[in-house]
Amino acid sequence: MGYQRINIITGWVTFLIAMVVYTITVEPTASFWDCGEFIATAYKLEVPHPPGAPFFLLTGRLFSLLAGDNVEQVAYWVNMLSVLSSAFTILFLFWSITHLARKILKTEDGQESMGQIIAIMGAGFVGGMACTFSDSFWFSAVEAEVYAMSSFFTAFVFWAILKWETIKDGSEQNKWLILIAYMMGLSIGVHLLNLVTIPALALIVYFKFHETTTRNGVILTLLAAGGIIVAIMIGVIPGLASVVGSFEVFFVNSIGLPFGSGVVIFAIMFIGALVYGIMYSIRKQKVILNTALICFTFIMIGYSSYSIVLIRSNYNTPIDENNPEDIMTYVSYLKREQYGSRPLFKGQYFTAEIIDQKKGDPVYMVGDDKYVIKDYKVDYIYDPIHTTILPRMYSKSPDGKHQERYRQVTGLRPGEKPSFTDNLHYMFAHQLGTMYFRYFMWNFSGRESDIQDAGWVGLRDAFKEVPQELADNKGRNIYYGLPLLFGLIGIFFQYRRNEKYFWVTLLLWFLTGVAIVLYLNSPPIEPRERDYIYAGSYYVFAIWIGLSVLAFSEWITSLSKNQKVGAILATIICISIPTLMASENWDDHDRSGRYFSIEAAKNYLDSCAPNSILFTGGDNDTFPLWFAQEVLGHRTDVRVIVLSYFNTDWYIDQMTRDAYESKALPFGLSPERYQQGGPNDYLPFFEERAIQGAINAKGFLDLIENEDRRLVIPTSTGSTYNLLPSKDMFMNVDPGKVGELTWLADDDSILSQYKTDRLIWRLKGSGLEKKDLAIIDLMVNSNFERPMYFNNTSLNGINIDLRRHVIQEGITFRLAPIEYNGPNFLVNAELMYDNLMNKFHWKGLNDPSVYYSEDYRNFCLNHRSAFNTLAQELIRLGDVERAREVLNRSLEVMPDSSVPYDIFSVYMISMLMEVGERDTAVAIAETVGQRAENWLEISQNSDTFSKSGFEYQKRIVSLNQIIRIFRAANEKDLASKYEEIFNKYYSG
C-alpha cells in the first residue's frame, strides 16, 4: 500500500474518531449563550444578531430537517452540524500536518521508507487527536455556535493552499485558488475569523514562486495580503452595501426614481463590469487578471448568502434583529453599528472627558416616496490630553467596574491619568496575558476550574494541595504542562528543519490568536470567558504537537539505529499527550444528558399567566426562551421582551405586531415618539428643573405625545431631547381590572390586604431610557388587562423601582395593583406552589453523571432560591406540611450529588429545622461546614488562594449563617461546633 493511500485512510480514521467522540458528547438540546438564538433562527431562517451568520443558518436549516416531525430533535441535529464541521477540521488538520511533516523529512512521492511513513502518520494522528481533545475546540464542537464551522473553513483553506503548492499544472493551480476564494466567500457567511489566514496563505504562494526569498519580498507579500483583508473586510462586506446605499439615495431622492432603483442600477453596473473584466482578460490572455477576477467573483458568490438576511427580514419573522429589510438598515446591520466601535490606532483613555460633539453622517430611513434623514451620527471629541496612539484602556462603564479593573491591573490611583507605559502594561498583562495566554495555557498546560476567571495550572501547581471542592470540580484539568512541552519541541524541530514553513505556521498561529486580541481590543471585563474565539491558534499549536513525533522519532532512531522502531516508539510516546487530554477533559466536555438550559426556559414561561408579557435582561434568560417558543412551540402566547433591544425603535415596532398566539402590545405613544435619534432616547432628570411631588404617568405620556415644549432641552448639535420633570411617578388603577384578579379581589384572600388603587414608583438612576418609557407606556395602556412579568435580571435592569408592586409567582415577578413594603417580595403562595411542584421541568437535573457548568449551576441557584422563598412563605402562613414538601422537592430535583450545595442550601437549613427535618438540616450543615473548613484550612496555608477574596469570604459567610441558624434553634452544641471553625479562620 502506497503512501497516498495510507495517508487518506489514516486521515479518515482520525476523522472517524473525532466524529464518534463529538457525537457521544454532543449536547442534546440548546445550550446557553448564543446557541438557542442560532438554533431558533436556523430552524425558521430568521434574522439573528448582527452581522448574522447566514451560511451557518442555511446549513443549520438543512440539518434541522433530519429531525423530521420531532421538534425535540431539532437542536440535536443543528448541534451535529458543529460535530461534523469539527470532525472535518480534524481531517484537514491531519492532512496539513502530514504535508508539513513530509517537507521536514524531504521525502519524494513513492520514495518514503516505512519508518518515514509511520512517523508522518503518527505526527498527523497525534496532532489531530491533540486538537480533538483540546479544551476550547471540544467546547465549540458539541454546540450550535459558529466557531466550529469557522474552524472548518480555516483548516480547509490552509490544507487547500498546501495541496495547491504540490500541483505542477498552472490551470489546475488556478482551479484550487478559485476553490479557496469560494470557501473564503462562504466563510464570510459564518464568521470573519477565516480571513486572518490570508497572509499565511500568501507566504506559501510567495515561497512557491520564489526559491530564493528576500526580506523585501516577504514584506511586500504580507502587505499585499493585508490589503486583501482590508479590501474584503471594509471594501466588500460593508463597503459594497454602503456604495449601494449611496446609489439608492441618489437615484431615489435626486432623480426621483422609485425605491430599489439605485440597487438595480448598481447591480447591473457591478455585474456588467465584472463580466466585462473577465471577458477582457480571456480575450487578452491575461491569466493573472482572469484568475483574480474569477476568484473575486467566487468570493462574491459565497458572500451572496447574506441575501437571505434581506429576504427573510422582509417577511417580518418573529426574530428579526435590527430589521434589516432595506438597504439603509442592511448596511447598519453589516457594520454592527448597534454595538458601537472601539478605538484601535488612536483614541481616548478611560479618564478622558467629552469636550465637544459634532454632527456626523446622516442616518436615513424609508419615507413615503423618498429616503428621509431621521438622525445624524455623533462624533465625540475627547480631551486631547487624555488620548493616545494604540489605546487599550478606553472603556468607561456606567457602574465603574471597567475603570476599577484598569486601575487594578496598572496600579493607577483614582483620578490619575494613565501613561503610555501603563497602556502597554495593560495590553501585555491583561489583554495578551489574561485574555489570551491564560486561555492558551488552559488548553496546553492545565485549567484550575470551570469557575469564571479561573487561572491556568502549571507543572508546580499540579502537585499543590487544593481545596477538595476545587479538586472535585470537573472543569479542573491537569496536563502537567506536557502538551505545551511537546508543542515547543515541535516548534524548535520545524524551525531547525524547515524554516520557511515554520514562519508560515508561526504567522498563522499569531494571526489566529494574538492578532485577534489586538484587533478586538476588548473591554477589561467580559460577561463570559472568550477562549473559543482563539480556537484557530490552538489548532495551529496542535500542528506542532504532532510534529514533535518527528523529533522523538529522530532521537530514538539515533539510539536504536532502526527507523521503524524509532517511529513506532515516538508515536506511542506522543500519543500519550492527547490520551492525557482526553482523560482529563472528558468529564467536563461530555454534555450528553444535559437539558436544564431549556427546562429553565420553560419554567420561566410557565411562571407566566396566559397572553402575558415577560421582560428579560440577558442572553441566557432570553435565547433559551426563544428556542422554546420558536422550535418547541412552548407557550407562544407569552411575549418575551429583551430589555436591551427595547431601547431601539425597530424592536418596539415589532412588538406592535401579533406573534403566534401573542397579541400586539398596547402602546399608547405613536411610533414616531420611539424613533431612534429622537428626543426620547434618553430622558434625564435635572434637580434644578424638577417639580415638586409625583407626576401622573398618563399625563406625562400625553406631554410626550403632544411634544410639549416644557419638556424640551436643546443640544449643541441642533437636536433636542425631552427631560423627566420628577423622580416620582404614579399611575391610577382601574378598580374593574382589579376585580378580574380573583386572588386579589377576593376579600378572604390573604393577599387582598395589599391591593391598592394607585401605583407609585421612583426613578433609580439619573434618567429614563427608552425601554423605561416603553414599560411605563405599557403599564398605563395595558392597565393590568395584559399580565406583565419581570425576571430578576430585568427587574434590576430597569431605571424605575417597581419592587413594591410586584408579586412572585414562580421564578418571575408579576406587576400587580398591590403595595407591599416588606423586606422581600410579596409571594402568591398558592400559584407559586402549583408552578414549582406541578408545572416546572427538571429533566436530568438530579443525575450526578451529568456535567453542569457554572452557567447551569447559577440557574439552579435561581430555582433553589425560589423553593426557599415559597417554603418560607408557607411557614409564615402556618402551612408546615406543604413547606416540608417544597423543601424535600428542592432536594430531590437538585441534590448535592448533581448540583453542589450553595448559599441557598445554607438558608434552607433553618427552614428544615422548622418543619421537623432536623436530620436533613444537620446533614446539609455538615457537608457545607466540612467543605468550608477544608477550603479555609488550605487557603490559610497556601499563597495560591486569597484570604480576602470572594471564595474565601463566601465560606466565612456560610459558616456564620449556620451558627446563627443553630443558635436560633437552640442547638447549642452544633452552634459551638461551627463557631469554633469560624473563629479559627475569621480575621475580623
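How many bridges join strand β13 to strand β14, and do the two run parallel or antiparallel? A few notes on this predicted model, starting with that one.

1. Strand β13 (residues 728–732) and strand β14 (residues 758–763) are joined by five bridges, and the two run antiparallel.

2. Now for the helices. Helix α11 (residues 239–254) packs against helix α12 (residues 261–283) at an angle of about 125 degrees, and their axes are 7 Å apart. The angle is why α11 and α12 count as oblique to each other. As for handedness, the crossing of α11 and α12 is right-handed.

3. Who makes that contact? From α11 come L240, V243, V244, F247, E248 and F251, while α12 supplies S261, G262, V263, I265, F266, M269 and F270. By type, the residues of this α11–α12 contact split into 10 nonpolar, two polar and one charged.

4. F251 is worth a look of its own. F251 lies in helix α11, and its relative accessibility is 17%, so F251 counts as buried, the cut-off being under 20%. Setting aside neighbours within four places in sequence, F251 contacts G256, L257, G262 and I265.

5. For a sense of scale, take F251 and K972: they are 721 residues apart in sequence, and their C-alpha atoms are 86 Å apart in space.

How values were computed: Residues are numbered from 1 along each chain as its sequence is written. This is a predicted model: local features need pLDDT of at least 70, side-chain atom pairs count only at pLDDT 80 or more; totals for chains, interfaces and linings use all residues. Side-chain values use heavy atoms; hydrogens and water are left out. Axes are lines fitted to C-alpha atoms, for helices over the stretch in contact, and angles run from 0 to 180 degrees between N-to-C directions. Helices (H or I, at least four residues) and strands (E, at least two) are DSSP runs, numbered from the N terminus. Angles under 35 degrees count as roughly parallel, over 145 as roughly antiparallel, 65 to 115 as roughly perpendicular and the rest as oblique. A crossing is left-handed if the near helix is turned anticlockwise from the far one by less than a right angle, and right-handed if clockwise. Contact means heavy atoms within 4.5 Å. Ala, Val, Leu, Ile, Met, Phe, Trp, Tyr, Cys and Pro count as nonpolar, Asp, Glu, Lys and Arg as charged, and the others, Gly among them, as polar. Buried means under 20% relative accessible area, exposed over 50%, partly exposed in between (1.4 Å probe, protein chains only). Two strands pair if DSSP finds at least two bridges between them.
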